[in-house]
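Here is a friendly briefing to read alongside the model. Have the sequence and the 3D view open, and let's walk through them together.

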Amino acid sequence: MASITIRGIKKNYAKTQVVHGVDLDFASGEFVVILGPSGCGKSTLLRMIAGLEEISGGEIAIDGTVVNKLEPRERGCAMVFQNYALYPHMSVSQNIGYSLKVAGVPSAERQQRIQAVARTLELEHLLDRKPMALSGGQRQRVAMGRAMIREPKVFLFDEPLSNLDAKLRVQMRSEIRKLHRRLNATSVFVTHDQVEAMTLADRLVVMNGGRVEQVGTPGEIYTRPASRFVATFVGAPAMNILEGTVDLDGLSLLGGSRRLAMARAGLPVGTKVAMGIRPEAVRLVAPGTAGALDATVDLVEELGAGRVIYVDLDGAPFSVMTSEAVHPEPGSQVGLKISPEDMHFFSSETGARLDVFKASVPEPAL
Amino acid sequence: MVERTPFLNFFTHLILFIGFVFCIAPFVVVVIAASHNLKDVNDVPMSLLPGSDFWVNIKTAWTTADLGPKLLNSFIMATGVAAGKVIVSALTAFSIVYFRYPGRMLIFWLIFITLMLPLEVRIVPTYAVVANVLEPYQAILDLTGISWLIEKVSGVQVQLSLGLLNSYSGLILPLVATATGTFLYRQFFLTVPDELTEAARMDGAGALRFFIDILLPLSRNNMAALGTIMFLWAWNQYLWPLLITTDQSHAMAVTELKQLIPNVGGIPEWHIAMAGTLIVMLPPLIVVVLMQRWFVRGLIATEK
């Protein structure tokens, strides 16, 4: 168990900078997930913690020791790779025990520890097989065993589930979670899959373009996204964003073709905002209802437990998720009811969250 | 694409068969000639029905050319070249692919250039070097005036000399130093996934450990392929052994075959010459048969 402190970490490849000064603190025993689209620098960050990638600027400390110049083996990290990276010519038990062999652990003790790990991961009957003869999920387990056997201070996961099929992914997800609860080692998990991120994380780090957009619990990230990027990246289907301008008693949306009336809040009249609303927060009402927006249904996606209704709002795409038993026909009209408390506001220029519409903002004297 | 036309099938098989006959016919003639006696082998045209003197001829060829020790010499030399090639190529390719150091590309291209300079092209300087391995150093000392200085100061004349003529080292080393194997390995190492290298680093394996524990076992097929090719190539060397082995004790089987070839005006003992050829041909054939499983795999497939 170990804490990880990251201060002003930068990474350059030749002239392009891919990580722009990241500061993060991971507490001991925490399960942190780094989430972001591909190319956002999340894997690079993980590899810098592991020591596989050189650090161009800043400092990484594990348990208070700066590890910038340490070799991977001296950092006490173990890593699970995306493609498992099992040694194809070694049997499962040799794969798991290789790090101990390198470290010069005597054969008897090695066998004992391999057995213990194999029992934990239910791999006992596969120990003599070669990786070629294993299924994807079994290979994944061997890769985890290889990481576990060293009893590392830190577990690093580099998109380990992305090569598995959907069902197996869900199963491995819960296994990883259970394993973490048992070993309680600090874990850093990199993924681009938001469901994986939300379900696994104690704390979630959302990255974009080499910068950290937001750090928080999955709940915080979902309910109070710190930027327009986080808002649209987390949650499926993605949050709807409508561009608008603040006027005297509400919002003028979509270049003035639609209005939403609401109690005036602390934003100056004329401020350009991006209003965000989650598809699951929109209620469907009869067209023409006062205070609702009318829209034309484009497409209905049936999900079984509910359905996603894609509508056209004067040319802007908009989606609604509902679990009610409504089945609007494509081409028909629906009304969209949006409550002010479900709205998120982001600056049109910077994308940063604007919190002025929340209840606690006092009404300025006129 | 798989064609399913009977006519084309027949036609392609016919071409294959003609090619096969072209390849195999000379060997059939050799085997038949080796079984005739002196009179039959010189009949015109030679009978294509096998004679009955095969084993007699083999025995005569063996004793006349003293093939026993020569086959051993050839075997030592070919094995030495094959082993040396496999080891040197693996190490150089490992260095080029897995390490970043100044002058890496320069070294890469220097190795590449040796591909364009086969032994036959540089045979005179190579001979000079093998005759006295220390010759280049002597030249450096002479040119810089150091040997003159040493002679003035101590009165000792510097004369470096280490000859490798008529030795296994002299036979083997110049044949080892070429680039073909390095490229085969380089291409293979480039196909080894980076994640494997990183996994080994995370497991705490250093460079040499990774090389021995991971890379070498993975390149087993390549080693077999390269070893086989190099064994055949070295076994069939003619010019180089002929040039540097003046002593019978280091003569090679292939070069000594000419002992069996009848001189002009001598007795036309072609049946003995053919029998000798068969004997010399046999060891590489055995090597190919034994290695062919790995050999083919190493050349075509990347097993992952």
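**Domains of chain A**

Chain A is divided into domain 1 (4-232) and domain 2 (240-354), with bounds that come from an automatic or database domain assignment. This is a predicted model, in which local features need pLDDT of at least 70, side-chain atom pairs count only at pLDDT 80 or more, and totals for chains, interfaces and linings use all residues. Residues are numbered from 1 along each chain as its sequence is written, while chains are lettered from A and ligands numbered from 1 in the order in which they are written.

- Taken over C-alpha atoms, the centres of domain 1 and domain 2 of chain A are separated by 39 Å.
- Where these two domains touch, 7 residues come from domain 1 of chain A and 8 residues from domain 2 of chain A; two residues are in contact if their C-beta atoms, placed from the backbone, lie within 7 Å.
- The side of domain 1 of chain A that touches domain 2 of chain A has 4 nonpolar, 2 polar and 1 charged residues. Here Ala, Val, Leu, Ile, Met, Phe, Trp, Tyr, Cys and Pro count as nonpolar, Asp, Glu, Lys and Arg as charged, and the others, Gly among them, as polar.

**Chain A overall**

- Chain A has 8 helices and 21 strands; helices (H or I, at least four residues) and strands (E, at least two) are DSSP runs, numbered from the N terminus.
- Along the principal axes, the C-alpha atoms of chain A fill a box of roughly 80 × 45 × 35 Å.
- Of its 366 residues, 36% count as buried, meaning that 20 or more other C-beta atoms, placed from the backbone, lie within 10 Å of the residue's own.

**Where chain B meets chain A**

- This contact takes 15 residues from chain B and 16 residues from chain A.
- On the chain B side, the elements giving two or more residues are helix 11 (194-202) and helix 12 (207-218).
- Helix 11 of chain B gives the most to that side, with 6 residues.
- By class, the chain B side divides into 8 nonpolar, 1 polar and 6 charged residues.

**A buried helix face in chain B**

- Which residues of helix 9 (residues 168-176) of chain B are buried? They are G170(B), L171(B), I172(B), P174(B) and L175(B).
- What covers the buried residues of helix 9 of chain B includes helix 4 (67-98), helix 6 (123-131), helix 13 (220-235) and helix 14 (239-244) of chain B.

**Confidence**

- Chain B averages a pLDDT of 82, and 96% of the residues score at least 70; pLDDT is the predictor's confidence in each residue, from 0 to 100.
- For the complex, the predictor gives an ipTM of 0.78 and a pTM of 0.75.

Definitions and conventions: A residue is buried if 20 or more other C-beta atoms lie within 10 Å of its own, exposed if 12 or fewer, and partly exposed in between; C-beta atoms are placed from the backbone.
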